[in-house]
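Please keep the sequence and the model in view while reading.

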Protein chains: 2
Amino acid sequence: MPVVNDPKAFLTSLFDAAVSAANPARTLAGFLPEAPKGKTVIVGAGKGSAQMAQAFERLWDGPLTGYVVTRYGFAVPCERIEIAEAAHPVPDQAGFEAAQRILSEVQGLNEDDLLVALISGGGSALLPCPPDGLTLEDEIAVNSALLACGAPISAMNTVRKHVSGIKGGRLAAAAYPAKVVSLLVSDIPGDHPQFIASGPTVPDAATREDALRIIRQYRIDLPKSVMAHISSSAADAPHPDDPAFANVEHHIVASAAKSLESAAEMARQSGVEPVILSDAIEGESREAARTQGAMAREILHKNRPFPKPVVMLSGGETTVTIKGKGKGGPNTEFLLSLAMEVSSESGIHALSADTDGIDGSEDNAGGFINGETIARMHEAGLDPATVLANNDAWTAFNQIGELFVPGPTGTNVNDFRAVLIL
Amino acid sequence: MPVVNDPKAFLTSLFDAAVSAANPARTLAGFLPEAPKGKTVIVGAGKGSAQMAQAFERLWDGPLTGYVVTRYGFAVPCERIEIAEAAHPVPDQAGFEAAQRILSEVQGLNEDDLLVALISGGGSALLPCPPDGLTLEDEIAVNSALLACGAPISAMNTVRKHVSGIKGGRLAAAAYPAKVVSLLVSDIPGDHPQFIASGPTVPDAATREDALRIIRQYRIDLPKSVMAHISSSAADAPHPDDPAFANVEHHIVASAAKSLESAAEMARQSGVEPVILSDAIEGESREAARTQGAMAREILHKNRPFPKPVVMLSGGETTVTIKGKGKGGPNTEFLLSLAMEVSSESGIHALSADTDGIDGSEDNAGGFINGETIARMHEAGLDPATVLANNDAWTAFNQIGELFVPGPTGTNVNDFRAVLIL
């Protein structure tokens, strides 16, 4: 009796567990604040924030008003919370107006009122809010320079929060003295709340001296007007010890780590020991697959570094440097490269899929591979190396019937990969 | 009292253990055959085979004659065994002549004689031996087509051994009825003897029908003369059950796996649990580092997939796609990318180095990094992202004094990486 009778069904059950753990409709219920004496106001920003808004308003018994901004095309129908759309990853005027609107929503709240902030990945770009004297173009320039400088996200965030009227805890400070509850879907390695969407409700202790040091250290070339701003006390962000934050709390309601842990629990229940490699694997998709393929072979043939049967789980977001003209996304490209690494090996099966249900431009979330995948592609008249060179993994997986198409999931905690070694 | 007082000294001790386990002067002693009644003839081919010859003739008490071919520049002084040099990776006339000479050395041996074959990585290219009716150019064309087709090494080898007068066990068959002992330094994932240097003394069961199927499957475009040869019974390689192989044995005397296991034992003795990720990690160096960096952070912050303190060991050969004009090799480039992944993390230390002692074009084997490496590069006026884009990792490690320069080691089992998480 094999440990796993149907590897594809097993891997799919892990994906389902991962997605379910990240579904706002399921997870928000555990984090609902107490109803306030006064008003309940909902704001939010991020790629997953419209789904969060929809889930929140269905779960919330009392009255509420609200306004949430998400990426173009990411809106979902809400009855009580207004949903706006703006540009990501390069901010636009719609985002600027959304930030102004959100600040105006939280003005004048009192200590009996409740502000709920629904924050998810992408919220930083969706809430451009240049401080007095700076323009939207200045903030776009700051963002471009940061993305190009190679600094870690903590350093980028320290600069961003000193060139903003909403980031670095300023939104929460603006809502003072209302109670502020932030519910966060994390797309950030490590899930530090102050880094998710540049922490509009979460202060950190970094100062503008820190920002200036980072600018020097990474030789970040910023507009003169921006440098003048950061050099002045007007740029000071509120400190975590500021009384404005005494009544502020935040909760990670979904994250890659939580989803991986949920998938791990599902695997364990099926009798397969899970290992979580990382919730934050980044880099070129096809290359990430080479290391995981080498590890899978080591496990298969030498029972190390993990004894089999085992399923290696990982999250994060790998990328594809597009050189060809084919169809595909990071997950199918990861899988094609992995299939080449484990070609002809029996006992290795894998799924890789975007937890939002869409990998790239087509309607699949990802796909499946095993040791026979490459032979089946050859039989179908495909040359896997050529397919990979042309970034055409979707076409190949489509042709051999190994796409994974669960449909949009309504949430996003980046990619989910499961490599099973029997 | 910390587990590891001096991370660089600890990591260096692991490298030394890995190299020592691959040193022919040390390892061959355990594999010396019994002295024969008749003659002892030594032949060999590969990048490490001159060192093997030197070690062998120092260890061997009785009389011997011998002839070994290595890569241009890889000869070492031998007193009794003649050392020739030829081209690698594209074969040349010198290699062709070496193959003819080796075949002539083994002609006429009788059952009282002993043939010792000293085989190491690169031996396939160093022993071009087109069968009757084909030319050196034909064999070069076969090799180029195979390297470009994306087939796994087992498939490439099946084709190669049907277009050769020496590979696929034919050298051992030519020495019949002498006793044949092959001593192998493996650079092949999995250490299958028949794949090391295309197995001149090791037959496998694949037939020319298999070769033709592979040629069709991978759409390998070969010269007509080659196709005519493979289609004829003249291409048949000797079968493993052939009586010519009854008196043939082979031993892996060094391999990445053995070296990693030796480093693991050294770590364990120092009180740090080792894990071997794989002896065969391939792909782009900087990208391999991203996955290992993500895993190192997962271990540091979440104590999974391995509890710390732990040292992750891996072998194999990563590559650098050169786009810039700087200095460096796969190991320093791996390290620079890893340093960026773990920047500002305390408790992560790594060494990466080529076991032959030379990483790329300079005199270093590799280098060291930890969580402060990137900050130190910035302090030295270097921008790590620019350095990486320019493939100039050597310059950066040189400037901050973190090169690792043990000198040439006299052996080669590919790269050695150790990532310590405390």
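In this predicted model, B:Arg304 and A:Glu261 meet through their side chains in a salt bridge, with 2.9 Å from N to O. A salt bridge here is a side-chain nitrogen of Lys or Arg within 4 Å of a carboxyl oxygen of Asp or Glu. B:Arg304 lies in the loop between α12 (285–302) and β8 (310–314) of chain B, and A:Glu261 in helix α11 (residues 256–269) of chain A, so the pair joins two chains. Helices (H or I, at least four residues) and strands (E, at least two) are DSSP runs, numbered from the N terminus. B:Arg304 counts as buried because its relative accessibility is 16%, while A:Glu261, at 36%, counts as partly exposed. Buried means under 20% relative accessible area, exposed over 50%, and partly exposed in between, with a 1.4 Å probe and protein chains only.

Residues are numbered from 1 along each chain as its sequence is written, and chains are lettered from A and ligands numbered from 1 in the order in which they are written. As the model is predicted, local features need pLDDT of at least 70 and side-chain atom pairs count only at pLDDT 80 or more, whereas totals for chains, interfaces and linings use all residues; side-chain values use heavy atoms, with hydrogens and water left out.

Over all chains, a search of the whole structure finds 34 salt bridges. One of them lies within chain A, where A:Lys167 pairs with A:Glu139 and the closest N and O atoms are 3.3 Å apart. A:Lys167 belongs to the loop between α7 (153–160) and α8 (170–175), and A:Glu139 to helix α6 (residues 136–149), so the pair ties together parts 28 residues apart in sequence. Both A:Lys167 and A:Glu139 are buried.

Within chain B, B:Arg208 forms a salt bridge with B:Asp236, the closest N and O atoms being 2.8 Å apart. B:Arg208 is buried, with a relative accessible area of 13%, and B:Asp236 is partly exposed at 40% relative accessibility. A network of salt bridges links A:Glu282, B:Arg290, B:Arg297 and B:Glu341.

How are the two chains related?
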